[in-house]
Amino acid sequence: MSTDRYPFREIEAKWQQIWEDRKQFRAVEDPARPKFYCLEMFPYPSGRIHMGHVRVYAIGDLLARYKWMRGFNVLHPMGWDAFGLPAENAAIEHGVHPAIWTYENIDYMRSQLKKLGISYDWDRELATCDPSYYKWEQLVFIKMLERGLAYRRRSTVNWCPSCQTVLANEQVEAGRCWRCDSEVTPREIEGWFFKITAYADELLAWCDRLVGWPERVITMQRNWIGRSEGAEFELAVAGRADARIRVFTTRPDTVFGMTYAVLAPEHPLVDRLLGDETERRAVAEFRAEVARQSEIERLAADRPKRGLRLRAKVVNPFNGAEIPLFLADYVLMGYGTGAIMAVPGEDQRDWDFARQHDLPIIETVKRPEGWAGEAYAGDGVKINSGFLDGLSVADAKRAAIDWIVQRAIGVAKVNYRLRDWGISRQRYWGAPIPVLYCETCGMVPEAEENLPVVLPRDVQLSGKRGSPLAEVASFVNATCPKCGGKARRETDTMDTFVESSWYFLRYASPRHDRGMFERSAAEYWMPVDQYIGGIEHAVLHLLYARFYTKVLRDLGMVKVDEPFTALLSQGMVIKDGAKMSKSKGNVVDPDDLIRTFGADTARLFSLFAAPPEKDLDWNDHGVEGASRFLNRVWRFVFSHIDALKGASRRAAPTTDEGRAFRRTIHETIKRVTDDIERDFHFNTAISAVMELVNAIYAFESAAADRMAGGERASLLREAVESVLLLLGPIAPHVSEELWSELGHRESLFKQPWPTPDAGALVRKEVTLVVQVDGKVRSRLQVDVDAPEERIQRLALEDDKVQPWVRQRAVERVVVVANRLVNIVTRA
Ligand SMILES: [Zn+2]
Ligand SMILES: [Zn+2]
């Protein structure tokens with residue numbers, strides 16, 4: 001084996017095989033040991049891993065190996081989020097069945113991950129497209145149906161005519177499909193929903209208790225749930241006893257300032273309010289225009305708000321005034337009641353709209369001195385508000401609610417922005433929804449003993465019509481489990497976010513065949529101690545997984561309230577200023593990187609280049625630097641292998657220099673440990689190890705002639721072993737190889753993580769007076785055991801000493817230990 005250049009190909013393959021043969025990272029429940037469940041978000045098997053994967057798995061592996069070394073019983077599993085649209089699109093494009101495409105991709109990506117040497121317990125691997133997996137979510141679906149937590153209704157959805165599927169609001173960008181860029185259209189369809197709104201309060205309350213989560217993610221979740229307190233009441237339509245409009249407001253104190261009202265264009269009442277064909281046409285046109293915008297665009301604060309004034313008017317219940325009624329794009333049907341009372345004096349969006357449409361603005365709160373030109377949302381004394389005049393905003397809110405309740409036109413109400421989770425997809429490659437429609441019994445859940453409802457293999461995929469399953473007669477034509485009569489099977493499949501809402505529970509006992517998971521195993525491993533994944537999942541996946549866990553808890557299946565104790569959201573990998581993507585041509589292929597530099601270098605670079613929460617800017621020089629560093633460690637060990645192997649261990653140093661070097665070793669151990677434990681600052685931890693390696697080289701050459709060979713070798717051995725232990729979770733193959741070269745029989749990852757020796761860390765300092773030609777010029781703080789050359793150098797370089805020695809020749813520098821430095825110059 002080469003001793004001057006590090007042979008990563010041989011070493012990496014060798015240790016990957018040994019770890020696998022030894023089943024070294026297999027997790028077994030052991031109630032006697034503290035557990036640590038370390039989980040990276042599982043990947044979609046798209047075909048190849050990319051640098052973003054390398055980054056997140058390197059982070060996860062660092063933490064998992066570190067926790068092993070700290071004595072934890074670690075669960076670190078990997079699997080595949082295997083259902084989803086790309087498999088189906090590939091099938092349409094290349095004529096290969098989604099199942100074959102998916103499993104081939106899984107095989108290839110597994111081999112790529114194995115080349116990275118991540119410490120997964122591969123015995124627990126799972127794929128969500130396996131019927132033995134989705135069977136259990138079908139069972140839970142039926143239980144949710146029984147409890148009203150799953151239900152079916154008509155709703156307007158974002159429809160991509162090209163992908164032939166429903167899109168979530170987040171998947172609509174500028175009115176276009178995120179995947180294929182087609183224009184998205186609204187569409188009314190029947191579909192299945194999970195009642196996540198029933199858990200809105202609890203999901204929000206727990207946001208305060210997830211202290212291991214990044215504040216940014218918690219804020220996004222809070223905003224997504226969007227709780228607001230206020231009142232809901234009715235507005236009468238002038239001259240129409242049959243039509244009333246419900247509005248919700250968080251500011252009932254401002255009702256006297258309501259100068260117009262707005263309906264969402266999709267509001268069901270609109271059609272009944274229209275006067276004639278002209279108005280009908282105008283509304284249809286307006287609706288079509290609005291439908292081209294995404295919800296996010298409609299809600300954006302910084303864009304003009306489109307509106308259409310209807311002929312109908314509504315009545316302000318507080319003062320009886322008849323006011324205009326509009327349709328406007330900034331009001332959404334799905335949020336609150338789909339209608340608002342507009343109070344431009346105190347709401348900026350209403351203010352903007354009122355200015356654009358020449359509507360009156362009434363101020364109902366006295367402005368602070370100098371306030372002008374926009375709505376005022378702050379506190380103050382009520383004005384222009386009838387019986388509320390003179391009250392504070394808070395008191396006026398209460399008084400206004402009392403007034404509304406007493407007249408029976410409304411109620412006090414808490415409102416949420418969160419809406420129920422639409423889980424129906426009109427696609428093939430997903431878990432079938434286990435219900436049937438019987439000619440006699442109506443909608444019937446599939447009987448438990450008939451689960452799983454298996455996705456049929458013989459299907460024609462064209463991507464043109466609706467659900468491909470509707471075309472499969474053997475699937476659609478079924479028997480009613482209740483009466484034995486003819487029934488039609490549901491052809492919608494579940495949103496793939498359902499599978500990712502519980503895979504972390506399945507990992508506890510992935511081969512269990514009598515339920516979703518084995519209770520005792522789930523109780524031992526859950527919750528996940530450290531979850532790691534991209535910020536793009538800050539809302540949906542994490543919220544759905546939290547909701548689903550709470551549902552399982554309420555079904556009596558798990559005890560935990562929350563699935564993830566701590567969360568790390570890593571940044572993106574970017575190159576030349578943009579996220580790596582095929583279309584930008586800036587992709588770095590991990591396979592190439594591993595072939596050229598090895599997995600350890602790829603991992604070291606991605607951990608070193610940026611702190612995990614920040615974006616990582618790709619840099620070829622950085623990769624080369626990482627490789628050089630590992631070679632430098634390798635060379636040192638091999639060029640001193642005999643001395644290192646022969647050294648006795650941990651003899652206390654007898655010289656100042658030895659003590660200083662040993663302090664450097666233990667300061668490094670402390671820094672690396674602190675950086676990993678606090679804030680996941682792996683990059684600074686790696687810097688510390690690099691500095692220690694520099695110190696090793698420096699110590700080796702400086703101490704060569706002065707120090708007794710035994711002490712020197714023993715300190716070098718302690719230093720080198722510390723480097724390997726600290727580097728192990730970051731670059732495991734090379735560390736493990738060098739560890740074994742030093743004569744250790746047992747794996748590096750069975751060693752305890754090093755702890756700093758308090759004695760070695762003690763640093764005693766003294767203050768030395770510095771004189772130049774007998775005059776005191778400065779004072780120096782130095783270690784008690786600092787070597788004389790170092791003290792002399794510090795004294796000569798001192799800022800206050802410099803002016804007195806710069807122009808003269810220094811004749812000699814006398815150090816009086818622990819007291820004085822005297823610099824004598826030639827006059
Ligand atoms: Zn599309
Ligand atoms: Zn029936």
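Analyst: Three strands form an open sheet with mixed pairing, in the order β25-β24-β26. Strands (E, at least two residues) and helices (H or I, at least four) are DSSP runs numbered from the N terminus, and two strands pair if DSSP finds at least two bridges between them. The edges are held by β25 (578–579) and β26 (616–617), each with a single partner strand, so one side of each has no neighbour in the sheet. β24 (residues 573–575) runs antiparallel to β25, with two bridges between them. Lys-575 has Ala-578 in β25 as its bridge partner.

The model is predicted: local features need pLDDT of at least 70 and side-chain atom pairs pLDDT 80 or more, while totals for chains, interfaces and linings use all residues, and side-chain values use heavy atoms, without hydrogens and water. Residues are numbered from 1 along each chain as its sequence is written, with chains lettered from A and ligands numbered from 1 in the order written.

Next, the metal site. The SG atoms of Cys-438, Cys-441, Cys-480 and Cys-483 coordinate the zinc ion (ligand 2) at 2.2 to 2.3 Å. Donors are N, O and S atoms within 2.8 Å of the metal (3.2 Å for Na, K and Ca). Angles among the four donor atoms are 104 to 115°, and the site is tetrahedral, a label that requires all angles to lie between 85 and 135 degrees. Along the chain, the donors are spaced C-x2-C-x38-C-x2-C. Cys-441 sits in the loop between β17 (435–438) and β18 (442–445), and Cys-480 in the loop between β19 (477–479) and β20 (486–489), so this pair ties together parts 39 residues apart in sequence. Cys-441 is partly exposed at 27% relative accessible area, whereas Cys-480 is buried at 3%; buried means under 20%, exposed over 50% and partly exposed in between, with a 1.4 Å probe.

His-512 lies in the loop between α15 (503–506) and α16 (519–525) and is buried, at 13% relative accessible area. From Val-411, His-512 is 101 residues away in sequence and 50 Å away in space, C-alpha to C-alpha.

Last, the second largest pocket holds about 670 Å³ of space. Its lining has 29 residues, and those closest to the centre are Phe-248, Tyr-335, Ile-340, Asp-347 and Arg-349. A lining residue has an atom within 4 Å of a pocket point, and a pocket is an open set of points on a 1 Å grid, reached by a 1.4 Å probe, with protein on both sides within 12 Å along at least five of seven lines. β13 gives the largest share of this lining, three residues.

How values were computed:
Tetrahedral: all angles 85-135°; square planar, octahedral: opposite > 155°, others 65-115°. Points joined across faces, edges and corners; volume = space filled by probe spheres on them.
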